[in-house]
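Please read it alongside the sequence and the model.

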Amino acid sequence: MTYKNKILQTTNKYFLENSKKTKRKTYNMKNKIKSLKQQAKIAQGILDKKVYTGPWSVQIDLTNKCNNDCIACWCHSPLLGDKAMKPEIKKKFLTYETVIKLIDDLDELGVKDIYFTGGGEPFMHPRIFDIMKHIKSKAIHLDMSTNFTLINEKIADQLIELHVDHMNLSLWSATPKTYAKQHPNKNKNTFRRMEEMIEYINKRKKEKKLLKPELGMYNVITIHNYEEVNKMIDFAFKHRMHDIDFTPVDTVPDRTGILKLNKKHRKIITDKINAMPKQIEALEKTYNHKLEFRNHHSFLRRMQNPDADSANYDSDILDSLPSCYAGWTFARVLATGEVNSCLKSFKIPVGNIYEQSFKDIWFGKKQRCFRKHTIDYDKNNPYFDNIGNDRSIKKQGCYKCCDNLGFNLLVHEKISKLNPVKKQLLKIGRVI
């Protein structure tokens with residue numbers, strides 16, 4: 001290659017890279033404006049008690065099939081006995097064509113976040129990578145909860161290539177021994193392989209100079225792992241996790257209740273959490289790494305709630321909220337096609353995407369009924385007897401463990417701080 005050709009090649013490469021950067025900046029700006037407009041429409045809808053757009057976030061249960069049997073799982077725990085998910089329901093999964101149509105509908109409605117979760121493991125869906133590719137082509141934020149056991153190097157590379165935004169690794173443990181105890185059909189080597197895959201993803205991201213997928217560590221705290229919370233923090237720093245989250249076990253009465261934390265357990269956890277800032281400060285220096293401790297205050301509050309002995313972790317905070325905003329901000333689509341208005345409304349589905357479009361369900365009669373009951377929130381209303389994980393038990397209500405609480409609190413804070421000028425701007429943003 002001549003010197004002149006080298007100069008031309010370098011120049012072309014420079015302009016190509018800068019062109020890509022300019023396009024990316026323009027694209028990001030347009031996406032940010034769309035996000036602000038969606039927020040304005042949702043907020044104005046809450047204030048007017050009407051609906052002007054789709055939800056902010058939708059959780060999709062791609063499949064009910066799972067290769068794990070986590071002991072606290074509401075669907076597959078070996079402790080559930082006759083309350084476990086029925087074999088015919090375990091086989092359910094959303095067809096590829098149905099999911100693609102759903103994603104297109106969600107994009108049209110302005111949805112900004114899709115989260116894979118549910119009755120099964122997302123990576124057991126046969127077309128998950130095609131589905132993820134379609135979501136990212138719409139510039140929708142993609143997150144998921146995964147047991148991470150099916151991830152190998154090939155899959156890890158695909159996740160990086162697709163620019164998946166975030167993954168919550170449902171580990172519940174900091175050591176192989178504790179992991180095996182909480183996952184009866186797995187063993188210590190399963191945990192060690194997952195550690196290797198976490199490190200592989202970190203290595204590949206560094207090589208490609210990429211930040212995504214961000215990896216989070218999700219831990220359901222039970223009688224088997226409550227003493228490991230400090231070790232979980234150590235693990236998260238060691239493996240350069242983006243974030244960590246603790247949540248108390250949400251038990252199914254007469255089945256997984258043996259996993260419930262008693263007063264002594266909660267006192268030990270509370271002391272450990274209160275002492276964690278020093279541990280985290282030291283680890284930040286050791287690893288030159290920042291860790292986001294998600295729902296830190298919420299978890300502490302749940303541990304200290306006087307009703308925690310009954311596993312009613314959220315009774316105190318829910319009584320302080322005048323409204324639930326899930327009917328404007330959220331929806332969940334199950335592997336059966338049923339659509340739920342919140343994470344605990346299994347017994348009152350508002351429709352099924354095999355029978356109606358998501359748009360028709362979202363603006364439909366049953367969803368309007370949910371909004372009517374939740375915007376003027378009366379916890380004693382019999383309507384809320386239908387809320388809860390156990391389909392066979394009535395009057396569980398919202399107090400037990402509200403999984404929409406974090407986002408509700410965020411929305412309530414923002415709505416409460418709106419002054420007349422901001423409210424006027426919302427009205428303008430809604431019609432733009």
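**Notes on the model**

1. Helices (H or I, at least four residues) and strands (E, at least two) are DSSP runs, numbered from the N terminus. The model is predicted, with local features needing pLDDT of at least 70 and side-chain atom pairs counting only at pLDDT 80 or more, while totals for chains, interfaces and linings use all residues. Residues are numbered from 1 along each chain as its sequence is written, and side-chain values use heavy atoms, with hydrogens and water left out.

2. Helix 8 (residues 229-238) and helix 10 (residues 276-287) have axes 10 Å apart and pack at an angle of about 20 degrees. Helix 8 is therefore roughly parallel to helix 10 (angles under 35 degrees are roughly parallel, over 145 roughly antiparallel, 65 to 115 roughly perpendicular, and the rest oblique). Axes are lines fitted to C-alpha atoms, for helices over the stretch in contact, and angles run from 0 to 180 degrees between N-to-C directions.

3. From helix 8, Val229, Asn230, Ile233, Asp234, Phe237 and Lys238 meet Met276, Gln279, Ile280, Leu283, Glu284 and Tyr287 of helix 10 (contact means heavy atoms within 4.5 Å). Seven nonpolar, two polar and three charged residues make up this contact of helix 8 with helix 10. Here Ala, Val, Leu, Ile, Met, Phe, Trp, Tyr, Cys and Pro count as nonpolar, Asp, Glu, Lys and Arg as charged, and the others, Gly among them, as polar.

4. The axes of helix 5 (residues 153-161) and helix 7 (residues 188-208) come within 10 Å and cross at roughly 40 degrees. Helix 5 is therefore oblique to helix 7, and their crossing is right-handed. Glu153, Ala156, Asp157, Ile160 and Glu161 in helix 5 meet Met197, Tyr200, Ile201, Arg204, Lys205 and Lys208 in helix 7. This contact of helix 5 with helix 7 has five nonpolar, no polar and six charged residues.

5. The second largest pocket has a volume of about 780 Å³. On a 1 Å grid over the protein atoms alone, a pocket is an open set of points with protein on both sides within 12 Å along at least five of seven lines; a cavity is a set where a 1.4 Å probe fits but cannot get out, and lining residues have an atom within 4 Å of a point. Grid points are joined across faces, edges and corners, and a volume is the space filled by probe spheres set on the points. Of the 20 residues lining this pocket, Asn28, Lys136, His163, Asp165 and Lys212 lie nearest its centre. Helix 1 gives the most to the lining, with five residues.

6. Lys212 is joined to Pro213 by a cis peptide bond, with omega about 5 degrees. Pro213 lies in the loop between helix 7 and strand 5 (214-221).

7. Lys41, Ile42, Gly45, Val51, Tyr52, Thr53, Gly54, Trp328 and Trp362 line the second largest cavity, which holds about 30 Å³ of space. Helix 1 (residues 3-48) gives the most to that lining, with three residues.

8. Trp56 lies in the loop between helix 1 and strand 1 (57-60). Trp172 has a positive phi of about 65 degrees although it is not a glycine. Trp172 is placed in the loop between strand 4 (166-170) and helix 6 (176-182).

Definitions and conventions
A crossing is left-handed if the near helix is turned anticlockwise from the far one by less than a right angle, and right-handed if clockwise.
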